[in-house]
Amino acid sequence: KIYAYTDFGGGVERKEGEIPMQGAFREFAEELLGQEVEEKAQATASKLCEAAASALVGGRPFIHKNYAMFVVAAETIVNTLQLRASVDGASAIDQLFTFAQQN
């Protein structure tokens, strides 16, 4: 069996007051970074929301029917979360990949 990475997604916890951008970044933290503790994933999402609000590609989320996608440069994520891979000269997307967790 070959493990394949896929995109991440999930629902927004609207009953807890979560907004779509927070939900998207919480899912990112849970599924890509393997942050299984809800509070840690929410804290990561809050940091990313603050940093990404003015850094969205195209200046806004991409919306299709009931689906919203928040696209930001990998550099925004790496810098905000202070993720540093051990490989000198690695691009931001490569640095993110080194932190990806299989789930």
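## Helices H1 and H2

In this predicted model, helix H1 spans residues 20-31 and helix H2 spans residues 38-52. Their axes come within 8 Å. They cross at roughly 125°. H1 and H2 are therefore oblique to each other, since angles over 145 degrees would count as roughly antiparallel and 65 to 115 as roughly perpendicular. The crossing of the two helices is right-handed.

Which residues meet here? From H1 come Met21, Gln22, Phe25, Arg26, Phe28, Ala29 and Glu30. From H2 come Glu38, Ala41, Gln42, Thr44, Ala45, Leu48, Cys49 and Ala52. Sorted by class, this contact holds nine nonpolar, three polar and three charged residues.

## H1 on its own

H1 has 12 residues. From its first C-alpha to its last it reaches 16 Å, close to the 16 Å expected at 1.5 Å a residue.

Which residues of H1 are buried? They are Met21, Gly23, Phe25, Arg26, Glu27, Phe28 and Ala29. Each has under 20% relative accessible area.

An α-helix has 3.6 residues a turn, so residues three or four places apart point the same way.

## Helices H3 and H4

H3 and H4 also pack against each other, at an angle of about 60°. Their axes lie 8 Å apart.

On the H3 side, the contact is made by Ala74, Glu75, Ile77 and Val78. On the H4 side, Ala92, Ile93, Gln95 and Leu96 take part. Six of the residues in this contact are nonpolar, one is polar and one is charged.

## Two loop residues with positive phi

Lys65 sits in the loop between strand S1 (62-64) and strand S2 (67-69). Its phi is near 55°, a positive value in a residue other than glycine. Is Lys65 buried or exposed? Lys65 is exposed, with a relative accessible area of 72%.

Gln82 lies in the loop between H3 and H4. Gln82 is not a glycine, yet its phi is positive, at about 55°. Its relative accessibility is 64%, so Gln82 counts as exposed; the cut-off for that class is over 50%.

Conventions:
Residues numbered from 1 in each chain as written. Predicted model: local features only at pLDDT ≥ 70, side-chain atom pairs only at ≥ 80, totals over all residues. Heavy atoms only, no water. Axes fitted to C-alpha atoms, helices over the stretch in contact; angles between N-to-C directions. Helix = DSSP H or I, 4+ residues; strand = E, 2+ residues; numbered from the N terminus. Parallel < 35°, antiparallel > 145°, perpendicular 65-115°, else oblique. Left-handed = near helix turned anticlockwise from the far one by under 90°. Contact = heavy atoms within 4.5 Å. Nonpolar A, V, L, I, M, F, W, Y, C, P; charged D, E, K, R; others polar. Expected span 1.5 Å × (residues − 1). Buried < 20%, exposed > 50% of the residue type's maximum accessible area, 1.4 Å probe, protein only.
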